[in-house]
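Look at the sequence and the 3D model below before reading on. The text then goes from single residues to the whole chain.

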Amino acid sequence: MPQKTILLNSFKESFAVIRNNKFLTALLFILQIALFATLSTLSYNYMSSIVENQKAIDDYLGKLELDETSIMSNLLQHESIVGNNPAIVMENSKKMLKNLRIYLIYIYLMLVIFASAGWAITYKLIHKLGLKKLIICFLKSFVILLLYLGLIFFFFLLLINISFAEFAAERTFSFAKYAAFLILSPVLAYFMFISLSLLDKVKLKDLIQRTLIIGIKKAHIVLMACFINASIFTLSVLLLYFFLEKNLFVLLLSAMLFIFSFVFGRIFMINFIEKLS
């Protein structure tokens, strides 16, 4: 079967699966909403503290006279050019870094747990899995997400180990430090979705090999499937942005489309990758 035909058939079958399994589809919607609610709560609690720490640093640095004349005057008088209490910057930087690390760890754990459940239920929806296979599918998803997301978060945590005090003082942003992360993360995400879409057909020990074969040899058609999912997601985000304060009904539809993009994306990828393999 031509690969474009596989893509089209998978797209059609995904809608048919949703239409014929309304209860499990609704459960996936609820699970996705629960994930967003959990992430929103975590973000509100931890980002508020991080913003407060950053504000304290900004307020302190804003009071310093850092023009050339003032710096030379302080040096001649053997006074500190960073004020009388530079510990404020260090303390708030440490607190900010600590809160950010804890926040990212919680985000990582929530994504692994909720996404594992989402992929397991999606497989049940498509293949009518029994309880035993459902649990196995959840555990496989958990291991894969733990690995791939673990690598992504690990590299990101390495990046934020730079001194926040140094960053705040210099006000500079080196793109070179983040280029590797920006390139590596999408690559890991690409292979992660392929691995997650092969759980029911491939043993865990053979998964990496099969993932690489499909991801590299059939990259052009897999990327096309990813583009379809990304397009639905992007459309929902744009609609949410444009109708945020304009039309409540369209805003609600946009929010449903946003959630649908995640639910449909998993169903579509499983149907497509299984046929492609």
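Does Lys 205 count as exposed or buried? The model is a predicted one, and in it Lys 205 has a relative accessibility of 68%, so this residue counts as exposed. The cut-off for that class is over 50% relative accessible area.

Lys 205 also has a charged partner. Side chains of opposite charge can pair when their charged atoms come close. Here Lys 205 forms a salt bridge with Asp 206, and the closest N and O atoms of the pair are 3.5 Å apart. Asp 206 has a relative accessibility of 27%, so it falls in the partly exposed class.

How many salt bridges does the count come to? The count is two. Lys 275 counts as partly exposed because its relative accessibility is 33%. Glu 13 counts as partly exposed as well, because its value is 35%.

Which residues make the nonpolar patch of about 780 Å²? They are Leu 147, Leu 151, Phe 154, Phe 155, Leu 158, Leu 184, Ile 208, Leu 212 and Ile 216. Two elements, α5 (131-159) and α8 (207-217), each give two or more residues to this patch. Helix α5 gives the most, with five residues. Ile 216 is one of the patch residues and lies in helix α8. Its relative accessibility is 56%, so Ile 216 counts as exposed.

The protein has ten helices and zero strands, so its order of elements from the N terminus on reads α-α-α-α-α-α-α-α-α-α.

Finally, consider the chain as a whole. The protein has 277 residues, and 40% of them count as buried. It exposes about 16200 Å², of which carbon and sulfur atoms supply 71%. Among the contacts with a separation of 6 or more, 80% are between residues 24 or more positions apart.

Methods:
Residues numbered from 1 in each chain as written. Predicted model: local features only at pLDDT ≥ 70, side-chain atom pairs only at ≥ 80, totals over all residues. Heavy atoms only, no water. Patch = residues over 30% accessible without salt bridge, like charges linked within 9 Å, V, L, I, M, F, W, Y side chains within 5 Å. Areas by Shrake-Rupley, 256 points an atom, 1.4 Å probe, with all protein chains shown as cover. Salt bridge = Lys/Arg side-chain N within 4 Å of Asp/Glu carboxyl O. Helix = DSSP H or I, 4+ residues; strand = E, 2+ residues; numbered from the N terminus. Buried < 20%, exposed > 50% of the residue type's maximum accessible area, 1.4 Å probe, protein only. Contact = heavy atoms within 4.5 Å.
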